[in-house]
Amino acid sequence: MNNDTPEQPADIVARLRATFRSGRTKPADWRTAQLRRLREMLTENGADLAAGLNADLGKSSTEAFRTEIDFTVREIDHTLDHLDVWLRPEPAPVPAHIGEATAWTQYDALGVVLVIAPWNYPLQLLLTPMIGALAAGNAVVAKPSEMAPATSAVLTRLLPQYLDTDAVAVVEGGIPETTALLAERFDHIFYTGNGAVGRIVMTAAAQHLTPVTLELGGKSPVFIDRDADLRTVAARLARGKFLNAGQTCVAPDYVLTDPQTARALEPALVEAIEALYGSEPAASPEYGRIVNERHFDRLSALLDSGRVVVGGTGERSTKYIAPTVLADVDPKAPVMQEEIFGPVLPIVTVPDLGGAIDFINDRDKPLALYAFTESETTRQRLASETSSGGLGFGLPLAHLTVSDLPFGGVGESGMGNYHGRYSIETFSHRKAVLDKPLS
């Protein structure tokens, strides 16, 4: 291959498929070696990776390590600790009419996998799916987000230094490059992003009957019961909402509560935001920035959707939008019509729990639903009467960090899931095998 000429998608896929067909990626030793090398890449280059995340999103070093680098290292460690057990064939009983025979299921690697990452967690959401794909014995084409160019550049430089380049390829670029990749036949496509692009990915995959995992988003609601300790609620809610300047797919999108609780919550949120970022969040090294001007303009247009409790300001030149809480928000207001994906928290009032459940069920199924309540009855009703990708009581975002829980959406918020053992299931075919002796 001419090093001066970029390798074309068809050639990349063909090369990786040849590697997969050779059997190179299937032995356990190869899989664990790739995971250990990926871990080394993260631990040896943390400063460079954190600098890329800061350049793209204004993430502090603390946040970069906690939510991206160390998060991914923990996922690798969890996978290495359990992979041998996960991959063991699982015996199945054989019915009497077959006679003497044995049966089992085993995981087979799929082949060549495409992972398309988003910009909001451009390291974690590229590498965590790759962990599962490599652990399952696949070759991988990794597509970092062009909207996080600094992080993309660091990953594109580092990944070939640490991983098997005959089995792992990185393709940078925007819509043309992604479109060209989607024209190729893959054995699985894993996409994280928005529903509009998710439909494009699914349409392209259908041409080859390629299975897809779609990790999308949606408006993840928070129900706050009147019995909840509002200072605790506000502290946890603010931390989950304003992490990464609200640019988190499972961030609390809006609050549902009764009018009296809503009024009491307002000063508690003001206090919580100041405790996190000080009286001038723009000066806080722990508060991030909006990814680009287009998203800044989109979010700025939502700031007059209700009465401003705190925040409501921004600076386009620095892509800063203050942590904002809006009260008295009409369900038909612009801020309630799309996933916010930014540091704006609307409070919508409902008469009671039944009203909240109806409000949630009248809309697309969210990626996450959160609730703050002391009532076991309320918890049971939310669990049984609503549908969401994940359900968290008392702490937003936390379910995402539990490797033994599947992470994924339902309906408009996505299809399929991953993390831990669930990544092996996503990137493998569970093959049925039966063996009956000839004599």
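Good morning, everyone. Before anything else, please keep in mind that what you see above is a predicted model, and that I will speak of it as such.

Let me begin with the sheet of seven strands, which is open and runs in the order E10-E13-E14-E9-E8-E15-E16, with mixed pairing. Which strands stand at the edges? They are strand E10, residues 307–310, and strand E16, residues 390–393, and each has a single partner strand, so one side of each is left without a neighbour in the sheet. If we ignore direction, neighbouring strands of this sheet are turned by 25° against each other on average.

Within that order, strand E13, residues 324–327, and strand E14, residues 344–349, run parallel and are joined by three bridges, and in one of these pairings Leu-326 has Pro-346 of E14 as its bridge partner. Further along, E8 and E9 also run parallel, again with three bridges between them, and here Pro-221 stands opposite Tyr-254 in E9. Is E8 covered on one face or on both? Both faces are covered, with Pro-221 and Phe-223 buried on one side, and Val-222 and Ile-224 buried on the other.

Helix H9, residues 230–242, lies across E8, E9, E13, E14 and E15, running at about 135° to E14. Helix H13, residues 376–385, lies across E8, E15 and E16, and its direction is at about 170° to E16.

Leaving out residues up to four places away in sequence, Val-310 touches Val-270, Ile-273, Pro-323, Thr-324 and Val-325. The C-alpha atoms of Val-310 and Ala-327, which are 17 residues apart along the chain, are separated by 9.7 Å.

Now to the other sheet, which is open as well and has three strands in the order E1-E2-E18, with antiparallel pairing. Its edge strands are E1, residues 90–92, and E18, residues 428–435, each of which pairs on one side only. Strand E2, residues 102–109, is joined to E18 by eight bridges, the two strands running antiparallel, and one of the pairings to look for is that of Gln-106 with Lys-431 in E18.

Next comes a helix pair. In general, two packed helices are described by the angle between their axes and the distance between the axes. For helix H3, residues 46–57, and helix H6, residues 149–162, the axes come within 7 Å and cross at roughly 155°. The two helices are therefore roughly antiparallel to each other. The residues that H3 brings to the contact include Leu-49, Gly-52 and Leu-53, while those from H6 include Ala-150, Val-154 and Leu-158. Sorted by class, the contact has eight nonpolar, two polar and three charged residues.

Finally, let us turn to some residues in loops. Ser-403 sits in the loop between E16 and strand E17, residues 414–415, and with 15% relative accessibility it counts as buried. What does Ser-403 contact, apart from its neighbours within four places in sequence? The contacts are Glu-75, His-78, His-419 and Gly-420, and with Glu-75 there is a polar contact of 2.9 Å between the side chains.

His-419 lies in the loop between E17 and helix H14, residues 421–426, where it is buried, with a relative accessible area of 1%. The phi angle of His-419 is near 95°, a positive value in a residue other than glycine. Lys-319 also has a positive phi, near 60°, and is likewise a residue other than glycine. Lys-319 lies in the loop between strand E11, residues 314–315, and strand E12, residues 320–321, and it is partly exposed, with a relative accessible area of 22%.

That brings me to the end, and I am happy to take questions.

Note on methods
Residues are numbered from 1 along each chain as its sequence is written. This is a predicted model: local features need pLDDT of at least 70, side-chain atom pairs count only at pLDDT 80 or more; totals for chains, interfaces and linings use all residues. Side-chain values use heavy atoms; hydrogens and water are left out. Axes are lines fitted to C-alpha atoms, for helices over the stretch in contact, and angles run from 0 to 180 degrees between N-to-C directions. Helices (H or I, at least four residues) and strands (E, at least two) are DSSP runs, numbered from the N terminus. Angles under 35 degrees count as roughly parallel, over 145 as roughly antiparallel, 65 to 115 as roughly perpendicular and the rest as oblique. Contact means heavy atoms within 4.5 Å. Ala, Val, Leu, Ile, Met, Phe, Trp, Tyr, Cys and Pro count as nonpolar, Asp, Glu, Lys and Arg as charged, and the others, Gly among them, as polar. Two strands pair if DSSP finds at least two bridges between them. Buried means under 20% relative accessible area, exposed over 50%, partly exposed in between (1.4 Å probe, protein chains only). A polar contact is a pair of N or O atoms within 3.5 Å; within protein, one must be able to donate a hydrogen and the other to accept it, and residues adjacent in sequence count only if both atoms are side-chain atoms.
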